[in-house]
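Subject: Structure handover

Hello,

Here is the structure we discussed, passed on for your own work. My notes on it follow below the entry.

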Amino acid sequence: MLPDDILLKNIDWDFPDSVNNSGIHAIHPYPAKFIPQIPRELINLLYTDPSTSILDTFSGSGTTLVEAMRAGIDAYGIDLHPLACLIAKVKTTPIPSGFEDIVSDVALRARTRIKQGNVDIPLIPRLDHWFKPHVQEALAALIDEIRKETDEDIEDALSVALSSIIVQVSNQESDTRYAAIDKPIHLNDVFDRFRKAAVNLSVTLQEQFNGSQNRIGKATILNRDILMVKASELPQNVGLVITSPPYPNAYEYWLYHKYRMYWLGMDPITVKNREIGARAHYFKKNHQDEHDFERQMGMCFNLLSQVMVPDGIACFVVGRSIIHGRKIDNTALLSRAAKPHGFVVREIVERRIPASRKSFNPSHGKINREHLIVFTLSESS
Ligand SMILES: C[S@@+](CC[C@H](N)C(=O)[O-])C[C@H]1O[C@@H](n2cnc3c(N)ncnc32)[C@H](O)[C@@H]1O
């Protein structure tokens, strides 16, 4: 139940004075991720019944899951993107002991493979354009050695550490600038950056799990297309939803991680085809429009209405879209999509999108505000 005396408007949701990207939340880049203060504050204000769980229907890099876990609450996340799910899984799993020795060992084995000329470069489109030959060798040797680890948690943590440095060691100018430039990256740089990323991950995870005296919640992540998820796959006790959906023509999650996915053996094109809001769906022949997005969000609210407890609370953060030059008010659209499934808008607050959050899409770059919408599921639904 949303207490009547709690007003979200009393909080500055811009969080202007805080450091937004540190510790566990900074171990891997992810586009349009939550600043942790958003789920943290929402949990503080709105989570009241300890018998309920928290759900993020578009969990991305797992910010909501980490914050729920820290608050001692079990949480569920769903995301289409296999790399997002991998990052979220690693952020919410204790690091196995001896991890730093394993990092050194993997790097040593990879260097030996290179010296022996025993490295197969995977078939990846336009690889020579984006990666120097010695960088390709180092990444391929590291991936092969990481795959030999038999403990899945170790393999996953090493994969995330390697993935986090892939754009840095490529010819790509930056995570949000798709231009190839000449960067002075040497073979040793790849190994140094990998080792630093892996050690940082290990230290950060140890702080997270060993530094807490309180109960730590459990996070469960489903790598699925939300439109295909059935209520029976989720717990039926969701008390609080904290999520930010993808929206038309804004961020391209598949494109942002395209080369990371290729290196990790994932398929970016499958993700693109099912990604809600991806630009490709809005600019092809017979393209989608905002009505398709409203229908997709309706399916999402239908799922929520089946797994949430009566009077449960759902918080959605969404910005505006521009489709073929038309401004789309996604806040009104979400409210319309939610209503037939029993959700009532309780409060809407506006927040500034930080200037540091960049999109590949220049028209979206001009949008600098988003809304936090709080719905309650009416008991009669
Ligand atoms: C705004 S991001 C979420 C970021 C997240 N709050 C975080 O802190 O990292 C939206 C997410 O929706 C996911 N997504 C897009 N289409 C999807 C679909 N059909 N099913 C499930 N997830 C989808 C994207 O992969 C992306 O991770």
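**Domain interface**

Domain 1 and domain 2 bury about 1,100 Å² between them, and 70% of that area is on carbon and sulfur atoms. On the domain 1 side, the residues that touch domain 2 divide by class into 7 nonpolar, 2 polar and 2 charged. Please keep in mind that this is a predicted model.

As for where the domains lie in the chain, the assignment puts 8-81, 216-252 and 269-377 in domain 1, and 99-210 in domain 2. The contact between the two draws on 11 residues of domain 1 and 12 residues of domain 2. Taken over C-alpha atoms, the centres of domain 1 and domain 2 are 31 Å apart.

I also looked at the polar side of this interface. Between domain 1 and domain 2 there are 2 residue pairs in polar contact, with both residues at pLDDT 80 or more. The number of salt bridges between domain 1 and domain 2 is 0.

**Cysteines**

How many disulfides does the model have? The count is 0, with a pair of cysteine sulfur atoms required to lie within 2.5 Å. Cysteine 85 takes part in no disulfide, and the nearest cysteine sulfur to it, that of cysteine 300, lies 15 Å away. Cysteine 315 is likewise in no disulfide. For cysteine 315, the nearest cysteine sulfur is again that of cysteine 300, at 13 Å.

Regards

Methods:
Residues are numbered from 1 along each chain as its sequence is written. This is a predicted model: local features need pLDDT of at least 70, side-chain atom pairs count only at pLDDT 80 or more; totals for chains, interfaces and linings use all residues. Side-chain values use heavy atoms; hydrogens and water are left out. Domain bounds come from an automatic or database domain assignment. Contact means heavy atoms within 4.5 Å. Buried area is the accessible area (1.4 Å probe) that two parts lose on being put together, summed over both. A salt bridge is a side-chain nitrogen of Lys or Arg within 4 Å of a carboxyl oxygen of Asp or Glu. A polar contact is a pair of N or O atoms within 3.5 Å; within protein, one must be able to donate a hydrogen and the other to accept it, and residues adjacent in sequence count only if both atoms are side-chain atoms. Ala, Val, Leu, Ile, Met, Phe, Trp, Tyr, Cys and Pro count as nonpolar, Asp, Glu, Lys and Arg as charged, and the others, Gly among them, as polar.
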